[in-house]
Amino acid sequence: MADILEEIVAYKRQEVAQFVQILPLAQLARMTERVMHLPVPSMRQSLMQSAAGIIAEFKRKSPSKGWIHREARVSDVAPAYQQGGASALSILTDREYFGGYDEYIQQARFTGVTLPILYKNFIVDEYQLFQARYCGASAVLLIAAVLSVDECRRLMQLAHQMGMEVLLEMHSPSELDYAALEPDMYGVNNRHLGTFHTDVQTSFDLAGQLPDGTCRVSESGLASADTIRQLRGVGYRGFLIGETFMKQPRPGEALSQLVADLGGRAAHNIPDTDNH
């Protein structure tokens, strides 16, 4: 299979250049400055204090699966995720490959969602950090496979200056050098972004090589309470789950069932007839 990540990153650079033509960085920065007084909740703190640690993702589409839930509306799903016991939300904002928009985060906030929200995109430029802060994100994703260590450091510093946290995503031992940057959250993606092959063993393999006492997040391929309990046992505190929920007619109920299976407080949200 061709390396999808290279294709996405090349497109992303072109997309950012187009955005700058329409809305120059200086103008976006002024717009962002006007919303900087609005506080955003800490994703790291929420995960570290949560018994479940579920980061529920709003994801309508992916390059490997096509449309997962084309008709899903963030104004329905995001509040249902909050009610269902999520510790944080992840919202895909890439339009071309994942069918997402920055406005989805704004819409989630407008519906009353107060949980931390991760701006899930392929960040290659500081411009995107201003986009993330403007739309109300608590944290941004930086991907080791996309950025050099120096680029990651610079973008992380700017994100912090703007009051956002960073989930730094790694996939293999060769990327563990990035852990020295001391991000707010250390992500391990079980899905190879070049081939989209998924193996949860990746999180187990890298667990012992991440710094102790940090907020570790396992991403992708998670579906069962047993797997989450095992990952928690080796030090993970966050569990990013999208397709498992989004392929269900009611993603919020699927999340609520998983939280109940983990022994969380959302069990009462599940109807007696639910059999997810």
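Student: What is the bridge partner of isoleucine 54 in β10?

Tutor: The partner of isoleucine 54 in β10 is phenylalanine 239. Note that this is a predicted model, where local features need pLDDT of at least 70, side-chain atom pairs count only at pLDDT 80 or more, and totals for chains, interfaces and linings use all residues. Residues are numbered from 1 along each chain as its sequence is written, and side-chain values use heavy atoms, without hydrogens and water.

Student: How many bridges join β1 to β10?

Tutor: Three, and the two strands run parallel. Strands pair if DSSP finds at least two bridges between them; strands (E, at least two residues) and helices (H or I, at least four) are DSSP runs numbered from the N terminus. Four bridges join β1 to β4, also parallel, with isoleucine 55 partnered by alanine 88.

Student: Is β1 buried or exposed?

Tutor: Five of its five residues are buried, so β1 is largely enclosed by the rest of the structure. Buried means under 20% relative accessible area, exposed over 50%, partly exposed in between (1.4 Å probe, protein chains only).

Student: Now rings. Which residue pairs with phenylalanine 58?

Tutor: Tyrosine 104, edge-to-face, at 5.4 Å centre to centre and 85 degrees between the planes. Phenylalanine 58 is in β1 and tyrosine 104 in helix α5, so the pair ties together parts 46 residues apart in sequence. Rings of Phe, Tyr and Trp (its six-membered ring) pair if their centres lie within 6.5 Å; planes under 30 degrees apart are stacked, over 60 edge-to-face, the rest tilted.

Student: How many aromatic pairs does that rule give?

Tutor: Five.
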